[in-house]
Amino acid sequence: MSSKAIREYDAKLLLAYWLERAPSVDPSAKVETNFVYPQPKVAQVSWDPATNTITPENSLPGWVFNTKLVAKPDQLIKRRGKAGLLALNKTWEEAKPWIAERAGKPQRVEAVTGTLNNFILEPFLPHPSNTEYYVCITSQREGDSILFYHEGGVDVGDVDAKASKLDILVGKPFPSRSTILSTLLSQVPSAKQQTLVDFLIRLYSVYVDLHFAYLEINPLVVLDAVDGGQPTIHYLDMAAKLDQTAESICGPKWSIARDLSVYEVGSQVTTTAAKGGKVNADRGPPMVWPAPFGRDLTKEEAYIQKLDASTGASLKLTVLNPEGRIWTMVAGGGASVVYSDAIAAHGFAQELANYGEYSGAPSEGQTYEYAKTILDLITRGTTNPEGKILIIGGGIANFTNVAATFKGIIRALKEYKNPLINHKVRIFVRRGGPNYQEGLKAMRLLGESLGVPIKVYGPETHITAIVPLALGVKPKDKTAQSIPPSHPASPPPQATAVETRGGDDSGVGSIGPGGERTQPDDQIVRFDTGLGGAKERPWFRPFDASTRSFVYGLQPRAIQGMLDFDYSCGREAPSVAAMIYPFGGHHIQKFYWGTKETLLPVYTTVEDAVKKHPEVDVVVNFASSRSVYSSTLEIFNFPQIKAVALIAEGVPERHAREILHLAKAKNVLIIGPATVGGIKPGCFRIGNSGGMMDNIISSKLYRPGSIGYVSKSGGMSNELNNMLSLFTNGTYEGIAIGGDRYPGSTFIDHLLRYEKDPDCKMLVLLGEVGGIEEYRVIEAVKKGEIRKPIVAWAIGTCAKMFSTEVQFGHAGSMANSDMETADAKNKAMRAAGFIVPETFEELPQTLKETYERLVAERKIVPKPERDPPVIPMDYKWAQELGLIRKPAAFISTISDERGQELMYAGMRISDVFRDNIGLGGVVSLLWFKRRLPQWATKFIEMVLMLTADHGPAVSGAMNTIVATRAGKDLISSLASGLLTIGSRFGGALDEAAAMFSSARDRGLTPREFVEECRKQNKLISGIGHKIKSVNNPDLRVELVKEYVIKNFPAHSLLDYALAVEKVTTSKKDTLILNVDGCIAVCFVDLLRDSGAFTPEEADEYIKIGTLNGLFVLGRSIGFIGHHLDQKRLRAPLYRHPADDIFINMADISQPRVLGKMN
């Protein structure tokens, strides 16, 4: 949603801080009086349900305790005075019990009952009634309007009819002071007029700068000047909405106004929180978006809201009736509304438990969390004797992998198997889109094993046809069966590729005029699109089979879909000429063209692309909501661009409005924002419109039909494509204008085009609740501007059934007046002569009857069907569908990051920390693929600590130091040190383990083992030390021996090694068991005696270098320390002293190699 209401408390803080500071809306809009800015005095008192207490007094500002107060609930409640929810002229001692008596209690306001949990306190302002005024600023498509009335207060009446109105149109000059005064303030006393002009200028500047969408002050009090000063402004009651999508722009501005410390004298702006406090992203806490009164945000709704904020997908949940029998889990904003409509139309609105939707390709994990939340709600409380119904519905997706999202839902269903059975839940599934066959198959298989009845339907079933089936209502008509969708197969052998330029049968190929050579078996297809400008087309036909476009953004999947569509339509050249991507530099990307490939250039600027491709006149803009505004303005600089599709969701309304008005001035067609785009069958496809190729083929979008439609919803556009292919000869052109409040083009723009296009014979309009765009079409029909038959329906008829305000999937789908309701629109369209069915479920039959009438009248002449060329399926997608298999290039068995959570040898990373297994435990998982006992993991950690370093003189540390002093980076210096590890330094662990193990396994006594090595002139690895001796033992060895003897269940090889040490030290006291040998034999004891390994596994780990791995891992700690130490000391380049090097150049009587210079 974009336009969202905020608390009165927050609205007043925004004005308190920014009324004086906001940049002026126009250079001419200046304050000309000694304007006295209102002082911020507002406090918030909240009720804590956990403690059943209100905000403590020490958290309130000091003025509360010495000022007469006004107290009132701050929960988006209208007409609080008439509901008895105002406490006037009270001290804090009087206001406090008044709040406490009401806090946490249910309160009925008109038809809505809710819990009072938030209150606002302000100073009481005595004033005469003739000082009250009314002011309101609203936003519409054409611009903003300021409404002003010279009377205010609760009895102001119908201000829309009474108030003076000043329209500030987009792109037009800001009105002068005299215009503001004469238009709005003619009935205000002259002494106050200039002050009010200044106030309105500043108020509107704040409105624009902070992206308000609505701001009402009633009453606005203007007190007379005192002692020659200026009149003073005070605002009593205030209601406001902000454009939530502008948070990336205005978030810091909203936050700083909510930081109460900025209103304290001498406060300093800082981003650090108080000690122990929370650090926010901006100065001050982020804006709060309260739920409508009567519908407190439940814990589950808050969780889904948080989940939605952390993902690029859309996840929405509104709990309407926790005890309801009918629950929905619907994919798509438009689809979620039509399912609710269908349930309400059959008389089950009171049983509808929730409204919600998931869309935008959520991951399996996100879908799992969403489904789990809903299933938890369904299976709470006592069971219903009639059971419960869960409708898992959705339209035909454009790009969401249905099987992937269903995996998350299936996982949740399995988890709630028993509660679902206990609550007698019946599940009905309907879905279409990419990989829907696998998704539905998985659901069917689940139904056979889960013990919960699951009925599964695909796109051959009308989108809402499962609703009467689920409710046990007999449908009026039998559901028509569609042509079964088929997977694209491999191309037949006789299929011919597109002819390449400069083809040649010679062995080396011919050379083209540009110097390129085309080989006979070249798989790259090249297109000569010429250097001429874009083809001239009539205004009503912006797209045809020769349309060429730029794609702004790196969108290889969408571009490949567009090229596959082009190939299936039989286009001579791809519809995409190039990509524009500002961050990657100029380069080339490769795409498929049928069975071959083609190359598309990527430019960093629109200017570069336009220079190279004068034939392009369309841009498909995939830029994000943050950059779509600037990128679109850049596109507008080039007159050759005649149409732009804006795909991004969440575009700030003020930006969208500026774009559409600038586009109108430049005669550029805008589709979007927040749209999937549109499709011209047989000609041109915008981005992902129409879905995957199997849906393109099944909906016959590869060739033109006769029906032009316009819709807000992208998902519902696919449903219309499906319906039109079933009941008519198909789509001529279809546009999804987007669900935002201010789409770049509207219903009327496209329907007027269809009316003028002789090839379009019938029109379809799919509107929805909210906005007035349908009425523009009604006026056009009444005026005779549109004469072709229009089949129309406005979705959202269920809205009247809800007792509280519900925001549907699209930002613009909320009625602000009776005129904007879906029922009113359907009634008005029917009265104007539109063909309007009784319900959305009857739309297919209505389409069929209208089409057959036009065929009978010979206004539509169906053409013979043609088979489209076969498009090979992409390898990656075929693999995902399980249609092909490929041997893996690598095998890994120790970790997996692909799921919701990183796994170490099957253990979730959260469990690693929860169980506190430590570094030794992580090593045991990643090195040995099992969790070792704690005594073993502690030993691993002990080894790492003992081997971390052995001073700067050892070869590895010296190499690291020398490399560091040569200016090398950490990785290079570390590698230099590690490369010295081998049999002479550090690498003795493996050899020592092997020698001692072999001797004991062969039954040699310690003395026999020593004698064997002596006879072989072989040193015993792990025996001997340069400094340490029997009388000067190595404390590291003593620590290891002590730990092992105390904690290991068995230590036979250590005992054997200590016996060997007695033999060797009897010869020389420095031939002790050194730290390498001690660690080696103890680790063998760990492997052999822990019970976690078989003897074969233990021997294998010894052979493959595990013990040396411990030394490398531990010593890396020391090497890194030496590197950082040298960097910290800024040590210069090291040169070894020459006197420490013995140089011996032997006399050479004659050179070994004779060279002769000519």
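Is glutamate 857 exposed, partly exposed or buried? At 38% relative accessibility, it counts as partly exposed. Keep in mind that this is a predicted model.

Let me stay with glutamate 857. Its salt-bridge partner is arginine 853, with the closest N and O atoms 3.5 Å apart. Arginine 853 is partly exposed too, at a relative accessible area of 36%.

Now the wider set of charged pairs. Side chains of opposite charge can pair when their charged atoms come close. How many salt bridges does the structure hold? The count is 55.

Take glutamate 865 and lysine 700. They form a salt bridge, and the closest N and O atoms are 3.9 Å apart. This pair links distant parts of the chain, 165 residues apart. Glutamate 865 sits in the loop between helix H23 (843-856) and helix H24 (875-881). Lysine 700 sits in the loop between helix H18 (693-698) and strand E32 (707-711). Burial is where the two partners part ways. Lysine 700 has a relative accessible area of 15%, under the 20% cut-off, so it is buried. Glutamate 865 is partly exposed, at 47%.

One more pair. Arginine 908 and glutamate 901 meet through their side chains in a salt bridge, 3.8 Å from N to O. Arginine 908 is partly exposed, at 38% relative accessibility. Elsewhere, salt bridges with shared partners join Glu8, Lys12, Lys72, Arg80, Glu122 and Asp237 into one network.

On to the nonpolar side. In soluble globular proteins, nonpolar side chains tend to be buried together. Here, the largest nonpolar core has 96 residues. Which members touch the most others? Leu765, Phe834 and Phe840 do. Helix H14 (residues 556-569) gives the most to this core: seven residues. Domain 2 (299-471) and domain 3 (534-857) each supply at least three.

Look at leucine 765 up close. Leaving out residues up to four places away in sequence, its contacts include Val710, Phe747, Ile790, Trp793, Met829 and Phe834. Glu774 is also one of them. Another core lies apart from the largest one, with 59 residues, among them Ala992, Cys1078, Ile1102 and Phe1111.

Last stop, helix H33, residues 1052-1065. At 1.5 Å a residue, its 14 residues should span 20 Å. The end C-alpha atoms are 20 Å apart, so the two agree. H33 is mostly covered, with ten of its 14 residues buried. Those buried include Leu1053, Tyr1056, Val1060 and Glu1061. What covers them? Helices H30 (988-1001), H31 (1006-1015), H32 (1035-1047) and H34 (1075-1089) are included in the cover over the buried residues of H33.

Definitions and conventions
Residues are numbered from 1 along each chain as its sequence is written. This is a predicted model: local features need pLDDT of at least 70, side-chain atom pairs count only at pLDDT 80 or more; totals for chains, interfaces and linings use all residues. Side-chain values use heavy atoms; hydrogens and water are left out. Helices (H or I, at least four residues) and strands (E, at least two) are DSSP runs, numbered from the N terminus. The expected span of a helix is 1.5 Å times one less than its number of residues. Buried means under 20% relative accessible area, exposed over 50%, partly exposed in between (1.4 Å probe, protein chains only). Contact means heavy atoms within 4.5 Å. A salt bridge is a side-chain nitrogen of Lys or Arg within 4 Å of a carboxyl oxygen of Asp or Glu. A nonpolar core is a set of buried Ala, Val, Leu, Ile, Met, Phe, Trp, Tyr and Cys residues joined through side-chain atoms within 4.5 Å. Domain bounds come from an automatic or database domain assignment.
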